[in-house]
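Dear colleague,

I am handing over to you the structure shown below. My findings follow it, and I would be grateful if you read them with the structure open.

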Amino acid sequence: MDTLPAFYEPIDVMHIAAWQESPEGIEVIALSSRKSAVCPQCHCRSHNKHSRYVRMLRDLPVSGKPVILVLQANKWFCLHRFCPMRVFTERFEGISSSQRNTDRLQLLLQELAFSMSAKAAERCSKAIGVPTSHDTFLYLIRATPEVPIEDCPFRFYR
Ligand SMILES: [Zn+2]
């Protein structure tokens with residue numbers, strides 16, 4: 001297996017273990033390299049691993065090919081005696097806990113959603129290697145919080 005192309009930037013504290021290219025795209029296998037993690041509930045650091053789990057995420061395309069990030073992350077015990085969370089999953093900068101896309105891909109899709117019609121964004125996303133339906137673009141627009149009026153560049157034109 002070759003080394004990962006230099007233009008693919010790993011996210012947060014990940015070790016890229018392997019990658020493979022197929023006609024469908026590029027699969028990047030990444031492992032968490034953390035020795036400890038912070039409990040999201042009580043913010044206490046834990047060094048006690050519970051288990052591992054695998055997440056599959058879409059990432060930014062490389063040379064027009066879709067990239068699937070197969071992330072092997074850890075679950076940790078929270079040992080704080082009053083914390084209600086006994087086991088927690090580690091969090092990564094650049095990966096939201098509930099998304100199926102990395103944050104950087106999500107930002108790209110939001111940019112497409114607000115730059116053109118949903119049907120045009122669907123065609124464009126397919127061409128650049130992140131095929132996304134027009135319904136998803138409409139959802140992205142509806143799910144994006146409104147910009148406060150103070151930050152709106154058109155505030156003088158109301
Ligand atoms: Zn805790």
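Of the 158 residues in the protein, 32% are buried, where buried means under 20% relative accessible area, exposed over 50%, and partly exposed in between (1.4 Å probe, protein chains only). This is a predicted model, in which local features need pLDDT of at least 70, side-chain atom pairs count only at pLDDT 80 or more, and totals for chains, interfaces and linings use all residues. Residues are numbered from 1 along each chain as its sequence is written, and side-chain values use heavy atoms, with hydrogens and water left out.

Overall architecture

The protein has three helices and seven strands; helices (H or I, at least four residues) and strands (E, at least two) are DSSP runs, numbered from the N terminus. Read from the N terminus, the order of the elements is β-β-β-β-β-β-β-α-α-α. Among the contacts (heavy atoms within 4.5 Å) with a separation of 6 or more, 53% are between residues 24 or more positions apart.

Serine 36

Serine 36 lies in the loop that joins strand S2 (25–32) to strand S3 (37–38). Its relative accessible area is 12%, so serine 36 is buried. Its side chain makes a polar contact with the side chain of arginine 45, at 2.7 Å. A polar contact is a pair of N or O atoms within 3.5 Å; within protein, one must be able to donate a hydrogen and the other to accept it, and residues adjacent in sequence count only if both atoms are side-chain atoms. With neighbours within four places in sequence left aside, serine 36 is in contact with Arg45, Ser46, His47 and Trp76.

Helices H1 and H3

Two packed helices are described by the angle between their axes and the distance between the axes. Helix H1 (residues 103–115) packs against helix H3 (residues 134–143) at an angle of about 95 degrees, and their axes are 9 Å apart. H1 is therefore roughly perpendicular to H3, a label for angles of 65 to 115 degrees, with those under 35 counted as roughly parallel, over 145 as roughly antiparallel and the rest as oblique. Axes are lines fitted to C-alpha atoms, for helices over the stretch in contact, and angles run from 0 to 180 degrees between N-to-C directions.

On the H1 side, Gln106, Leu109, Gln110, Leu112, Ala113 and Phe114 meet Phe137, Leu140 and Ile141 of H3. One of these, isoleucine 141, touches Ala113 and Phe114, when residues up to four places away in sequence are not counted. The C-alpha atoms of isoleucine 141 and alanine 113 are 6.5 Å apart, although 28 residues separate them along the chain. Isoleucine 141 is partly exposed, because its relative accessible area is 32%.

Helix H2

In H2, the buried residues are Ala118, Ala120, Ala121 and Ser125. They cover an arc of only 150 degrees around the axis, so they sit on the same side of H2; the arc is that of the directions from the helix axis to the C-beta atoms. H1 and H3 are included in what covers these buried residues.

Arg123, Lys126 and Ala127 are exposed on the other side of H2. For alanine 127, the relative accessible area is 62%, and its C-alpha atom is separated by 9.3 Å from that of lysine 65, 62 residues apart along the chain. Just after H2, glycine 129 takes a positive phi of about 100 degrees.

With kind regards
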